[in-house]
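Please keep the structure in view while reading.

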Amino acid sequence: MKAFKGLLWKDFHTSKVWFIGWLAIILVVYSLGFGAGEYFDEKGIPVGFAIMLGVFHFAFLPVIVYSMLRLEGKTQLWLHTPLSGFTLLSSKLLVALVYLIISLLLVDLLGFISFSRLPDIGYWPVKEGVYFNIGVLLLGLNMSGWLIFFWTVYHSMGKFPAIKNIRWLILAGLWILYTSVTTFVTSLKPVENFVNNTWVVDLPDSFFFTIGSGGEDSGFNIDIIPLPLLPFIWEGVMWLVLFIISCRLLDRRIEV
């Protein structure tokens with residue numbers, strides 16, 4: 001546990017500058033939106049900027065994980081450490097997750113401030129905000145799992161001179177094969193019916209927000225859409241498999 005805490009601190013220390021820079025970018029972009037809203041006397045403009053900043057977070061987790069892996073590649077730490085691949089990768093994921101949660105909370109706060117300044121807010125999208133944050137978290141984890149897997153496989157193939165120069169082609173082929181097979185299987189009628197009718201929850205269609213010459217408007221669509229849970233379970237299982245494979249490959253002391 002002591003070694004893991006030390007690793008967490010090291011990962012935090014080496015990545016905190018990027019994270020602080022990211023928070024500064026968020027505040028600068030929001031300030032521009034706030035200033036534009038004041039200049040044009042449109043209180044809805046900062047809301048649009050807050051939503052846009054939230055959308056940017058879909059790519060946050062894989063980007064910060066990749067930046068830490070890239071930095072780790074320069075130090076070659078795992079070649080000399082007794083720590084397992086699971087410990088090394090878990091530390092980076094945990095630090096990146098903490099960054100993501102803090103950054104999302106900041107955007108949530110900016111969104112709250114923006115909405116509170118609207119003259120006639122008809123609906124507070126609290127539930128939609130929670131759904132959005134969970135969606136960003138799950139998608140970010142999914143993308144990070146694939147990123148870590150491709151990163152470890154890519155560098156593992158570096159041991160073999162015959163394929164060293166075509167590693168990206170192999171990874172691209174692997175991704176195309178996976179997406180093609182899953183698309184084909186899920187397009188089969190029995191599979192499609194099973195997925196769409198097993199473990200389904202109902203969700204509201206969407207929250208809407210508009211800015212126009214007549215001012216801002218927001219509301220809640222009353223339509224309900226069914227959300228099958230099996231695809232999420234499948235992605236969760238795949239994430240676990242990819243992460244275990246990545247840890248095993250890293251345990252072989254791959255060299256970047």
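Predicted model: local features only at pLDDT ≥ 70, side-chain atom pairs only at ≥ 80, totals over all residues.

The lining of the largest pocket draws at least two residues from each of helix 2, helix 4 (85-116), helix 5, strand 1 (200-204), strand 4 (224-228) and helix 8 (230-251). The volume of the largest pocket is about 1200 Å³. Its lining consists of 40 residues, and those nearest the centre are Glu128, Gly129, Tyr131, Phe132 and Asn133. Which element gives the most to this lining? Helix 5 does, with 13 residues. Sorted by class, the lining of the largest pocket holds 28 nonpolar, eight polar and four charged residues.

The second largest pocket has a volume of about 300 Å³. Here 13 residues form the lining, and Thr182, Thr186, Pro231, Trp234 and Glu235 lie nearest the centre. At least two lining residues come from each of helix 5, helix 6 (167-187), helix 7 (189-197) and helix 8. The classes in the lining of this second largest pocket are nine nonpolar, three polar and one charged.

Two individual residues may now be considered. Asparagine 142 belongs to helix 5, which spans residues 126-156. Is asparagine 142 buried or exposed? Its relative accessible area is 19%, and because buried means under 20%, asparagine 142 counts as buried. Leaving aside residues up to four places away in sequence, asparagine 142 touches Glu235 and Trp239. With glutamate 235, the side chain of asparagine 142 makes a polar contact of 2.8 Å.

Histidine 57 lies in the loop between helix 2 (44-56) and helix 3 (60-75). With a relative accessible area of 0%, histidine 57 is buried. Which residues does histidine 57 touch, if those up to four places away in sequence are not counted? They are Trp22, Ile26, Leu100, Ser103, Leu104, Val107 and Val136. The chain also brings histidine 57 and asparagine 133 to a C-alpha separation of 9.1 Å, although they are 76 residues apart along the chain. Asparagine 133 is one of the residues nearest the centre of the largest pocket.

The aromatic residues complete the picture. A pair of aromatic rings is described by the distance of the centres and the angle of the planes. Across the whole structure, a search finds 17 aromatic pairs. In one of them, the ring centres of phenylalanine 12 and tyrosine 99 are 6.3 Å apart and the planes stand at 45°, so the pair is tilted. This pair links distant parts of the chain, with phenylalanine 12 in helix 1 (residues 2-40) and tyrosine 99 in helix 4, 87 residues apart. Phenylalanine 12 is partly exposed at 31% relative accessibility, whereas tyrosine 99 is buried at 2%.

A further pair is formed by tryptophan 146 and tyrosine 178, with centres 4.9 Å apart and planes at 50°, so this pair is tilted. It too links distant parts of the chain, since tryptophan 146 is in helix 5 and tyrosine 178 is in helix 6, 32 residues apart. Tryptophan 146 counts as buried at 10% relative accessibility, and tyrosine 178 counts as buried at 17%. Both residues belong to one aromatic cluster, formed by Trp146, Phe149, Phe150, Trp175 and Tyr178.

Conventions:
Residues numbered from 1 in each chain as written. Heavy atoms only, no water. Helix = DSSP H or I, 4+ residues; strand = E, 2+ residues; numbered from the N terminus. Buried < 20%, exposed > 50% of the residue type's maximum accessible area, 1.4 Å probe, protein only. Contact = heavy atoms within 4.5 Å. Polar contact = N/O pair within 3.5 Å; in protein donor to acceptor, adjacent residues only side chain to side chain. 1 Å grid on protein atoms, 1.4 Å probe; cavity = no way out; pocket = protein on both sides within 12 Å on 5 of 7 lines; lining within 4 Å. Points joined across faces, edges and corners; volume = space filled by probe spheres on them. Nonpolar A, V, L, I, M, F, W, Y, C, P; charged D, E, K, R; others polar. Phe/Tyr/Trp six-rings, centres within 6.5 Å; stacked < 30°, edge-to-face > 60°.
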